[in-house]
Amino acid sequence: MTLADSPAAVIRPEGPWTHRDVAANGARFHIAEMGDGPLVLLLHGFPQYWWAWRHQLPALADAGYRAVAMDLRGVGGSDRTPRGYDPANLALDVTGVIRSLGEPDAALVGHDLGGYLAWTAAVMRPKLIRRLVVASMPHPRRWRAAMLGDVRQTAASSYIWGFQRPWLPERQLVADDGALVEQLILNWAGPKPPGPTGIPNDNPSDDLPGPTGDAGVLAVENYRRAMCVPSTAHCSVEPYRWLVRSLARPDGMQFYRRMKRPVRVPTLHLHGSLDPVMRTRSAAGSGEYVEAPYRWRLFDGLGHWPHEEDPETFTSELVHWLSDPEPDR
């Protein structure tokens, strides 16, 4: 069996969660959910799918929330439509799922591209967003400024520039059963403390991203398999093509003008201090676009995947902030 086999077992694995599909914004979206209470909607980034939140789902449910992790358009178990991958439409997917779940609002938690969409949704549909949590992603206007004005950030985001080529990125992502996905995930993770045998993360029960050894095998293999589901690679890079190609186009300029509107919900901004993809300098300062309580939290020693590299610390920070009735600025 190759990594591309049995996609259903990878996308909808058995666990304490419930899988189902919901209709929103003209498409069908797969979700995994647990618990009852106020809705917390979790948005994954690239090159992942809902499973990135496997650690947070049960913790949020135990804390009294209805925790829902959705697959973004074109990824995992969601529809792979031929178009609709601009951030405004993807944000409408998110808010449409909130409505389809029958909830008046949600606390949005987004990582990487999911964080970009969370920022966008909070601006476009503020009445539907109760609180905002963003990890490893600056505000869209900060992202644009860093990509255009910071040589080091431009270099760190070289993979995004590479996505602008036709067809080749898709082929590279699925070549050798998604080997590039594994390379990206391991390279973007921060260093890990040595295990008992001196090998980083030498713990067979640990499925977190990390360097070599047993750790990361389960997580990375699932991400490789999910990327190899037909059309996923193409749909995964389309949002990044829009982000770059629209920088000088009227639709892009209109979008970034729209994003000048301030975020008016309490915001928690999380970042790994050793993130090699999105520099701390690029993310810091996003609070200037928030006219509400804003908390910046830097995780020392973590890379681009703080919710997976140290899920206990990340989840504790998340749950405590969500339960705080008056988050401080």
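His-271 is buried in this predicted model, because its relative accessibility is 0%, where buried means under 20% relative accessible area, exposed over 50% and partly exposed in between, computed with a 1.4 Å probe on protein chains only. The model is predicted, and local features need pLDDT of at least 70 and side-chain atom pairs pLDDT 80 or more, while totals for chains, interfaces and linings use all residues. Residues are numbered from 1 along each chain as its sequence is written, and side-chain values use heavy atoms, with hydrogens and water left out.

His-271 is placed in strand β7 (residues 267–272); strands (E, at least two residues) and helices (H or I, at least four residues) are DSSP runs numbered from the N terminus. When neighbours within four places in sequence are set aside, the residues in contact with His-271 include Ser-136, Met-137, Arg-279, Trp-296 and Phe-299, contact being defined as heavy atoms within 4.5 Å. The chain as a whole has 14 helices and eight strands, and buried residues make up 59% of its 329 residues. Of the contacts in the chain with a separation of 6 or more, 73% are accounted for by residues 24 or more positions apart.

Leu-113, in helix α4, also counts as buried, because its relative accessibility is 8%. Not counting residues up to four places away in sequence, Leu-113 touches His-44, Gly-45, Leu-72, Met-137, Pro-239 and Tyr-240. Leu-113 and Gln-48 are 65 residues apart in sequence, and their C-alpha atoms are 10.0 Å apart in space.

A cavity is here a set of points, on a 1 Å grid over the protein atoms alone, where a 1.4 Å probe fits but cannot get out, and lining residues have an atom within 4 Å of a point. The count comes to one cavity of 30 Å³ or more, and the largest cavity has a volume of about 100 Å³, a volume being the space filled by probe spheres set on points that are joined across faces, edges and corners. By class the lining has 10 nonpolar, four polar and one charged residue, with Ala, Val, Leu, Ile, Met, Phe, Trp, Tyr, Cys and Pro counted as nonpolar, Asp, Glu, Lys and Arg as charged, and the others, Gly among them, as polar.

Two helix pairs were also examined. The axes of α3 (residues 87–100) and α4 (residues 113–124) come within 9 Å and cross at roughly 80 degrees, axes being lines fitted to C-alpha atoms over the stretch in contact and angles running from 0 to 180 degrees between N-to-C directions. The two helices are therefore roughly perpendicular to each other, a class that covers 65 to 115 degrees, whereas angles under 35 count as roughly parallel, over 145 as roughly antiparallel and the rest as oblique. The contact, made by residues including Pro-87 and Leu-90 of α3 and Tyr-116 and Met-124 of α4, divides into nine nonpolar, two polar and no charged residues. The axes of α5 (residues 140–149) and α11 (residues 250–258) come within 9 Å and cross at roughly 125 degrees, which makes α5 oblique to α11. Here Pro-140, Arg-141, Trp-143 and Arg-144 in α5 meet Phe-255, Tyr-256 and Arg-257 in α11, a contact with four nonpolar, no polar and three charged residues.

Notes
On a 1 Å grid over the protein atoms alone, a cavity is a set of points where a 1.4 Å probe fits but cannot get out, and a pocket is an open set with protein on both sides within 12 Å along at least five of seven lines; lining residues have an atom within 4 Å of a point.
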